[in-house]
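Visitor: I would like to learn how to read this model. Please take me through a few features.

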Amino acid sequence: MVTSQAATQHRLGRTNPDERREHILAVAAEIFAREGYGITSMSSIAARLGGSKATLYKYFASKEELFHAVMQRKCEVVIGPLEELADTARDPATLLHTFGKIFLSRLCQPDALIIHRTVHGEGQRFPEVARAFFAFGPEAAYSVLGPALARFHAEGLIDCPDPRLAAEQFLAMVRGDLHLRVSSGLIPPPEEAEIERQVAHAVGIFVRGIARHDRPT
């Protein structure tokens, strides 16, 4: 019977470099989630992969670089669907509603909750963890929503002279107390109806706040 480690070595030996890199990221993500950033080492990741550290270092020069790549890949799951939406939306309220639902739904998925807990648990001791999270998570979300709000402002559809700040505040409203409770383990991830209620309420308040009051009714 082939052991899991031997099977992993076999897969790594037969796959191309891109597939090997993806496999390394998947295994590293599991170990970071289970052991935490501080305890995890390149040696433990290499052992789980069934290869040598030298092979691992060919793809990632350090644990920090590997963690950054894992974080980027995980955050892309949240941010990716939002980019096309922001580029094509023509109505501010519709954009905010759809953006908010996707954003909150993805934040409450298991992988995203693990990331959030890792950052809060280890970010102070390991600032590189917090930096990676903010670069690929919140900052990426703001950089997607902010330009869309700036475009609507330039078109005269909304009054939003500081779109970056507006993006930060809108997404904070969407997360609200709900995401804090879920990420703290106090309540389970919300059903779709609760996400809709949370987002619709935030959008209603926000849209009224950025409305152009000088436009004819």
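Guide: Start with His68, which sits in helix α5. Helices here are DSSP runs (H or I, at least four residues), numbered from the N terminus. This is a predicted model: local features need pLDDT of at least 70, side-chain atom pairs count only at pLDDT 80 or more, and totals for chains, interfaces and linings use all residues. Residues are numbered from 1 along each chain as its sequence is written, and side-chain values use heavy atoms, with hydrogens and water left out.

Visitor: Leaving aside neighbours within four places in sequence, which residues does His68 contact?

Guide: Glu128, Ala132 and Phe136. Contact means heavy atoms within 4.5 Å.

Visitor: How do I read a pair of packed helices?

Guide: Use the angle between their axes and the distance between the axes. Here, α2 (residues 17-35) and α5 (residues 63-88) have axes that come within 9 Å and cross at roughly 95°. Axes are lines fitted to C-alpha atoms, for helices over the stretch in contact; angles run from 0 to 180 degrees between N-to-C directions. That makes α2 roughly perpendicular to α5 (65 to 115 degrees).

Visitor: What about disulfides?

Guide: A disulfide is a covalent bond between the sulfur atoms of two cysteines. The rule is a pair of cysteine sulfur atoms within 2.5 Å. The count is zero disulfides. For Cys75, the nearest cysteine sulfur, that of Cys108, is 15 Å away. Cys75 is buried at 8% relative accessibility; Cys108 is buried at 5%.

How values were computed: Buried < 20%, exposed > 50% of the residue type's maximum accessible area, 1.4 Å probe, protein only. Helix = DSSP H or I, 4+ residues; strand = E, 2+ residues; numbered from the N terminus. Parallel < 35°, antiparallel > 145°, perpendicular 65-115°, else oblique.
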